[in-house]
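Please keep the sequence and the model side by side while reading.

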Amino acid sequence: MGAAFLSTWPWDNIGAYKYVLYVPLVGKAVAGRAWERASPDHWLLLLLVLFGLRAFTYQLWSSFSNMLFATRRRRIVRDGVDFDQIDKEWDWDNFLILQVHMAAAALYAFPSLLHLPSWDARGLAVAALLHVFATEPLFYVAHRAFHRGHLFSCYHSLHHSIKVPQPFTAGFATPLEQLVLGALMAVPLATACAAGFGSVGLAFAYVLGFDFLRAMGHCNVEVFPGGLFQALPLLRYLISTPTYHTIHHTNKETNFCLFMPLFDLLGGTLDGQSWELQRKASAGVDEVPEFVFLAHAVDVMQSMHVPFVFRTFVSTPFSVQLFLLPIWPFAFVAMLMMWAWSKAFAVSGYRLRARLHQTWVVPRYGFQYFLPFAKDGINKQIELAILRADEMGAKVVSLAALNKNEALNGGGTLFVNKHPGLRVRVVHGNTLTAAVILNEIPEGTSEVFMTGATSKLGRVIALYLCRKKVRVMMMTLSTERFQKIQMEAAPEHQQYLVQVTKYGSAQHCKTWIVGKWLSPREQRWAPPGTHFHQFVVPPILDFRRDCTYGKLAAMRLPKDVQGLNACEYSLERGVVHACHAGGVVHFLEGYEHHEVGAIDVDRIDVVWEAALRHGLRPV
């Protein structure tokens, strides 16, 4: 049996090519030089600008809704938006394509609308009256009808399949519902124009105001202070709040109104707990994360890969996209401002075994970690974040990539030594990082070549492999550091650790472990068929087409993770860097010790087995 009439969008299967539907309007606007006020097609430019602003309105509310650092206390539904919901709402803007063509058709059908004045205040009064006495009651009646039988099961149930309301949820509906909504929006504007009071300003003001309130109602953040409705009780019947509409999404038999709860009061469908729940949501309660992953920005472009910039973009692995280029200057200014004033802030979160995990970001970028004068400031930022997590009652803070750099803070040792009374456990996650890299090396490998061999990770990988009687060519110019590591190995294993000082020594070795960045020239020494295992930040360039490149060590989170909605840098969905996963294992195991400084080679297999036992899986 086929889908119900107007229950699916005709362009559902063409993806981003749906935007070709704007081409006839854009083409005619360009051909008619619509930017000239005297052009007969000037109205087309105004129409396209209006619909661009409509999309921007929803995007702004989406950005606000996803600013976890600013909105977490006043969130109404505390569950996170997951990848499934993001995918469902991916084409939230379908209704804009429909309604821009509805508007264009109306303008062609009634040529007098092409010559409206810029503004007429009388039209605003007419539109306000028609909104209250026509659009609001008609929407209420239509909405209740869509909650019955066939109309709900074939149409409106799609909108209610969303668990956590978001601004984009407002656009997530079937064509029939959007046709009805578009017609109801048109009633006040059409009446004002018929009365001779229509204007371009009225169209912009009413439509954008309508979208503003729709997006706000679905934003899942209570923006009204609770005291406002206590001081002005009548106001509660004139404007619905985000809490008010969220109640409708949980209790489908109440709170049907568009923007004015008065009609729920008249229709007997007003939820009596609406204002008490709104008061509680507005009061704000901060939910304490039990695990914190303390990350940092890689560069200006990657800094836009966060939920509050573009939610759909962050739900996919990071890659440089053309649409980011116009925003780059703003992101650059934001970098400078954060360098001067910001502190670590929360950007995303998820739940695992009913426990809240969050990712916080230190407002520093990759290049800043290599500026000698920035070292103290970065450590101060990390220290303040650890102390804040400790004060909140978090159990584990896991340090990401450069935040645990040996030269910066000794892999976290600096903070543990400075604050011996810390209750929160500071973890660098390198034990699991080493375990992931070691388990990527194929069975039967007899020889490896390693750069960054005397680093923390390089040392423990070398010591582990020599126990397995794998010959490790350790690329280092420091004989002293090499010998120090060699002496840590058992006498019968020391022969498997070999110091090399030139890349040419590895020209016949097909297993390279990269802990120090390799230039394309240095990569040329690897023989064809080499696989590059990596623990260097940033990863090396995929220069050799006859070789393969591993990504940074990572693991897939357990299947029961909930509310995960962001990809970690270039990793696929559900996968996190091994230092993040190592912190998760530390938390799930309930370890009471800090994991900082040197890595214990004897714990590698223990931590790996614990990760697998808790449902984490290699990628």
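What follows goes through a strand, a surface patch, a pocket and several salt bridges.

The model is predicted. Begin with strand β1, residues 291-297. How many of its residues are buried? The count is 7 of the 7, so β1 is largely enclosed by the rest of the structure. In a regular strand, side chains alternate between the two faces of the sheet. Look for that pattern here. F291, F293, A295 and A297 point one way from β1. V292, L294 and H296 point the other way. Both sets are buried.

Now turn to the strands that pair with β1. Strand β3 spans residues 355-365 and pairs with β1 in the parallel sense, over 7 bridges. Within this pairing, A295 stands opposite V361 of β3. Strand β4, residues 396-399, also pairs with β1 in the parallel sense, here over 4 bridges. The bridge partner of F293 in β4 is S398. A295 and F293 point one way from β1.

Next comes the surface. A nonpolar patch there is formed by V26, V30, W35, L45, V49, L53, F56 and L60. Together these residues have about 690 Å² of accessible area. Which elements give two or more residues to the patch? They are α1 (23-31) and α2 (42-65). Helix α2 provides the largest share, 5 residues.

From the surface, move to open space. Rolling a probe the size of a water molecule over the atoms shows where empty space is left. The second largest pocket holds about 1100 Å³ of space. Its lining has 36 residues, and the closest to the pocket centre are A103, L107, L113, L116 and A203. Four elements can be picked out, each giving two or more residues to this lining: α2, α5 (94-109), α8 (175-194) and α9 (200-217). Helix α8 has the largest share, with 8 residues.

D211 and R54 are buried.

A salt bridge also joins the side chains of E89 and R311, at 2.8 Å from N to O. E89 sits in the loop between α4 (83-88) and α5, while R311 belongs to helix α14 (residues 311-314). The pair therefore ties together parts 222 residues apart in sequence. Buried or exposed? Both E89 and R311 are buried.

Then take R544 and D546. Their side chains meet in a salt bridge of 2.8 Å, N to O. D546 has 36%, so D546 is partly exposed. The cut-off for buried is under 20%.

Finally, find K18, D91 and D93. These residues are linked in a network of salt bridges.

Technical notes. Residues numbered from 1 in each chain as written. Predicted model: local features only at pLDDT ≥ 70, side-chain atom pairs only at ≥ 80, totals over all residues. Heavy atoms only, no water. Buried < 20%, exposed > 50% of the residue type's maximum accessible area, 1.4 Å probe, protein only. Pairing = 2+ DSSP bridges. Patch = residues over 30% accessible without salt bridge, like charges linked within 9 Å, V, L, I, M, F, W, Y side chains within 5 Å. Areas by Shrake-Rupley, 256 points an atom, 1.4 Å probe, with all protein chains shown as cover. Salt bridge = Lys/Arg side-chain N within 4 Å of Asp/Glu carboxyl O. 1 Å grid on protein atoms, 1.4 Å probe; cavity = no way out; pocket = protein on both sides within 12 Å on 5 of 7 lines; lining within 4 Å. Points joined across faces, edges and corners; volume = space filled by probe spheres on them.
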